[in-house]
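Have a look at the model first, then read on.

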Amino acid sequence: MKRYIILLYLVISVGIKAQTQYNPPTLTLNEIWNISESQNKQLKLASLSNEESEIGILEAKDKLLPELSVVGDFRINSKFLLYENGLFSSPQSVPIKDYGYGLGYNIDYNLYNGGKEKRNIEIKKEEKTRKQYEFELQKDNVKYMIAASYYDLYKFQEFESLISTEISTEKKQLSTIESLNRNGIVLKSDVLRISVKLSQLELSYSDVKKKIDLTKQRINILMGRGSAEPLEISSEDILEPSDLQGSNYEDYLAAALNNSPDLKIVNSNLTLSELNIKQVKANLLPKVSLYSKYNYTYPQISFYPYSNDIWGFGQIGLKMTYSIDNLYKSKHSVAHAYNLNKQEIEKNDMKRDEISIKVKEAFLERQQASESVQTAELTIRQSTESVRVIRNSYLNQQSLLTDLLDAENILLQAKFNLTSAQVNLRLSHIKLLIITGIL
């Protein structure tokens, strides 16, 4: 007997442990955002792009280092003919080896090149800054997609609860009507109408369950998790009702013009176009470099008297080059750079106008959502009272069942509308914060 008790205890313990192990944690929207920042595939790709821009800066700095090369060669020499009395005279054959070789090094250190190398570092740094703005914009987009899916899941779960409650209520009402029908008080058609409504509610319930599963899969993918992992969201919201009331439109617009990653990207492109103008103009300036070279050569046939011995020779000095052709070739390049800069200025103005419209739209959407919440709440109060009156009237045989069913449908739809309006209010507020760069 004792053995069976121990075995039963172990089975229960394993069952409890398994339930605890597979019980998914309840996640808030803020927690899902935090997880997605490190696990979302789109953000991982954007992060790799940021790393690439950092490497680009290091590559640009490498250009400041001197150029060092080791040179070597092996060659077969022809006869060395010396025409002392002119090309058409009989040459003198200078005895040299049939082969030769050389080994040495060359160093070239840029001292001045119109500031192109240092400016190229500035360009790479600005490109890295732009990549960071693009990453922030991508992160905001992911946050909004997660928020939209999160509130969809919240909405569908609320719909599931409302439909489940409605099904329970209708089953009780069906039982009452069946009893009235057996007593000859109501017609059989009333029983059928309630049965049809129950079937429709159960179909809606099944549809909502499928939408819940699909939305959970979408959130899991956005979080960088397996699509089939269990997920539970918290009914608590990171936005309190008081937080949904913000400043006026002008304050949000000012915040957007200062913080919007979208506008920062355009401003960065404008800065890059200005640096590009300076870079193109630098082609008109001379290049000054310090050079050094030393070579061992065999045989010595570069200077007279010639020798079949190994010889070494080196040089160190300053070298200046100036491309005269750039005086006429760079004219159109400079004009092209200025044209690109003018385009970026226009894009900057257009983006500011676009952001002002987006802020206005989001601001009005939030106002509309807030009004929809108030309207839905009022409709629920009125519909609840209407259902109560019509139900009592129906039970007293003073109204038709169709009137009661219509009133119940209006009440259920009003509850759906309230949930949707509350979700839209929170989502429109998040959208406004994202556009303004506050979130």
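**Helix packing and salt bridges**

The crossing of α4 and α5 is left-handed, meaning that the near helix is turned anticlockwise from the far one by less than a right angle, whereas clockwise would be right-handed. This is a predicted model, in which local features need pLDDT of at least 70 and side-chain atom pairs count only at pLDDT 80 or more, while totals for chains, interfaces and linings use all residues. Residues are numbered from 1 along each chain as its sequence is written, and side-chain values use heavy atoms, with hydrogens and water left out.

Q: What makes α4 roughly antiparallel to α5?
A: Helix α4 (residues 116-182) and helix α5 (residues 188-222) pack at an angle of about 160°, their axes being 8 Å apart. Angles over 145 degrees count as roughly antiparallel (under 35 is roughly parallel, 65 to 115 roughly perpendicular, the rest oblique), so α4 is roughly antiparallel to α5.

Q: Why is the contact between Glu 385 and Arg 388 called a salt bridge?
A: The term asks for a side-chain nitrogen of Lys or Arg within 4 Å of a carboxyl oxygen of Asp or Glu. For Glu 385 and Arg 388 the closest N and O atoms are 2.5 Å apart, so the pair qualifies. The two residues are three apart in helix α8, so about one helical turn separates them.

Q: Why do Glu 134 and Arg 130 count as about one helical turn apart?
A: They are four residues apart in helix α4, and that is why the separation is about one turn. Glu 134 is partly exposed at 32%, and Arg 130 is partly exposed at 21%.

Q: How many salt bridges does the rule give, and which residues are linked in a network?
A: The count comes to 22 salt bridges. Glu 166, Glu 170, Lys 197, Arg 391 and Glu 408 are linked in a network of them.

Methods. Axes are lines fitted to C-alpha atoms, for helices over the stretch in contact, and angles run from 0 to 180 degrees between N-to-C directions. Buried means under 20% relative accessible area, exposed over 50%, partly exposed in between (1.4 Å probe, protein chains only).
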